[in-house]
Each structure stands twice: as structure tokens, then as C-alpha cells.
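Student: Could you take me through one part of this model closely, namely the open sheet and the helices that pack on it?

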Amino acid sequence: MYQIIGTWKMSLDGIREAAELLRDGGSAGDAAEHAIIRVEDNPAYSSVGYGGLPDRDGHVVTDCGFMDGNSLRAGAAMSVENVANPIRLARKLCGRETNWLLAGRGAEQAAVTFGLPMKDMRTEACMRKWQAERAKIPEKLTAYTGHDTVCVLALDQAGRMVAGTSTSGLFLKDPGRVGDSPVIGSGFYCDARFGAAAATGLGEDIMRGCLSYEIVSLMRRGASPTEACGEALRFLSSRKLELGEDAGSISVIALNPRGETGAATTLEIFPFAAGGPQGAGLQAVGKDAPQPRPVTEAEMSEQP
Ligand code: ASP
């Protein structure tokens, strides 16, 4: 068995190729890294990697995480500039006993020590948008509609399982702001015995529910990936509603060791890409439509 799942339509091309790697006996780590790099390198995706939208001061600042579910080791980096492929940094840090969660300058120095390529992550397009919008910083920052953090969960034929995330965070975020994506248990979690999960959406809300760990815990107690995603998101949403807040914008994905996938969202539609022995394609769930279904051609063209 092998299987891979990634958030948003932007992950589809990488997920397709990564599924082929897995089919040919490649490792879950290589497959997840490949799928995420495809998004990081594409400047058309303005919420991840090269061409990501800047913070309030005009810096493209990235966060990333990686977890190996067989060793329960993780690596992550936050507030990182100029690292061409943040996911490679997170994966390199994964395996260390200490110093596996690094921030800012230290994370950048580690990338140099690992020999990872560095580059200016700003593009003309992202700086133009920053110039145009920085004067009217909204009071309440929101996640982008339809293409936010790239999260990938992969299971290979040898039973290895990983989770990875990469994001440039919220457009016009405060300098130093960090979301859920590099935070183990919130943005990602993976235990190869029970499953993997990852989240995208407003990091401040995702962290309040430690959502990825919660989803894996529910799978440990017998829930399917779809049930676990739904239950974890319903619980956090209901607690927020009790507190007079709305459900916010959060989407989650999960994968179990049998290769079953699941997702849940507070949005009308949340597309995700999945690839396995049955082929690869785009599926979607909605807040009132919890069962994953294929995405129609019309919906496909509407998704960024
Ligand atoms: N979760 C990310 C963050 O809060 C952004 C997103 O996925 O939309 O930084």
C-alpha cells in the first residue's frame, strides 16, 4: 500500500509525481518533500515559498515542519528568510535529538551549514501587492481563500509515514508572527502506528485546538481519518461558538496506516489532492458535505 495527500489544488501536480515515486518504491519522506518543493518553487502560489506574500515590513518569511512517524522525530523552522526550500530545512532538522525547532537567524545559519540553496524569496509581483496594500492593513488578518499552507502526508510501501508543511504565513502579518505550520501537534503530527494529520487556515485558531495531535489521537482510538478530522474540527468549532466566536477558516487532512485518507473544513469547499494505487486527483469536502468527493471540472477552474 502507498498513499499521499496534500492540501489545496496547488499541491495536485506535485502529488501526482510523488504518487509515482511511491509506486516505484520511493520513500514517504522523499515523496512528501518532492510534492512540497513543487509548490515552494512556483511563484504563482503566493502563500508558500518563492513569491510568498510579505509581512508588514515587506519581508517574505516562511515557516515549515516535518515529522517522521516511525521514529516520532520532528524538525521545524519558523520566521525563516531566504531559504529556497524551507521543507528541506525542516527535514534535515528532523532526526536531531535536540535543536530540532529553530527560529530566524539560527534556522538560516543551519540551512547554510546543511548546504541548502539560499535565495531572495521576493518576486516583483509579491512586492507590488505589498506596496499596494500595506497602507490599508486590515484589523483582522485572514487566511487566503483557496491556497494557503501546503501540507502533505505520505505513506510508502515499507510502511513509513511522514507529515510535512510549508507556508509564508499570513499576508501583512506582524514581524515575528508565527502560525501553526511549524508547531508540532498543531500544524502537523505523524505516528506511523496510528496515522498523520495536518492543518491549514488561521494558525492562531488551529493552535488553540492542537488540531493535528487531536486528529491522530482520535485515529488511535479507532476513528477513520474522515471521522477524526470531522470530530476534531466540530469540537473546536463548537467550543468557539460557545465563546461567541465563529468557526473561523480551518481545513484539515489525515491519513492512516491502511492508506485511507480524510479531510474536514469550516469552508464551503476545501479541495485537496490525493494519490495512490487508484491514481491521483483532486477531491473536496465542504462544511456541510463531510464525505470526500471528486472535484468537478467547473469547480476545478474556479480554484486558484
Ligand atoms: N496556517 C498558516 C498560518 O497561520 C496559514 C494558512 O494555512 O492559511 O500561518
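Tutor: Two strands are said to pair if DSSP finds at least two bridges between them, and the strands and helices themselves are DSSP runs (E, at least two residues, for strands; H or I, at least four, for helices), numbered from the N terminus. This is a predicted model, in which local features need pLDDT of at least 70 and side-chain atom pairs count only at pLDDT 80 or more, while totals for chains, interfaces and linings use all residues. Residues are numbered from 1 along each chain as its sequence is written.

With those terms in place, strand β9 (residues 250–255) pairs with β10 in the antiparallel sense, over 5 bridges, and within this pairing A254 of β9 has G262 of β10 as its bridge partner. The two strands belong to an open sheet of 4 strands, whose order is β7-β8-β9-β10 and whose pairing is antiparallel. The edges are taken by β7 (188–191) and β10 (261–265), each of which has a single partner strand, so one side of each is left without a neighbour in the sheet. Neighbouring strands of this sheet are turned against each other by 10° on average, direction ignored; axes here are lines fitted to C-alpha atoms, for helices over the stretch in contact, and angles otherwise run from 0 to 180 degrees between N-to-C directions. As a general point, the side chains of a regular strand alternate between the two faces of the sheet.

Helix α7 (residues 211–220) lies across β7, β8 (195–201) and β9, and runs at about 150° to β8. Helix α8 (residues 225–242) also packs on the sheet, touching β8, β9 and β10, and its direction makes about 20° with that of β10.

For a second example of antiparallel pairing, one may turn to β2 (residues 62–68) and β3, which are joined by 6 bridges, with C64 standing opposite A77 in β3. Their hairpin has 4 residues between the strands, and L72 takes a positive phi near 55° there. Strand β3 is also joined by 3 bridges to β4 (residues 101–103), and these two run parallel, with M78 opposite A103 in β4.

Definitions and conventions. Two residues are in contact if their C-beta atoms, placed from the backbone, lie within 7 Å.
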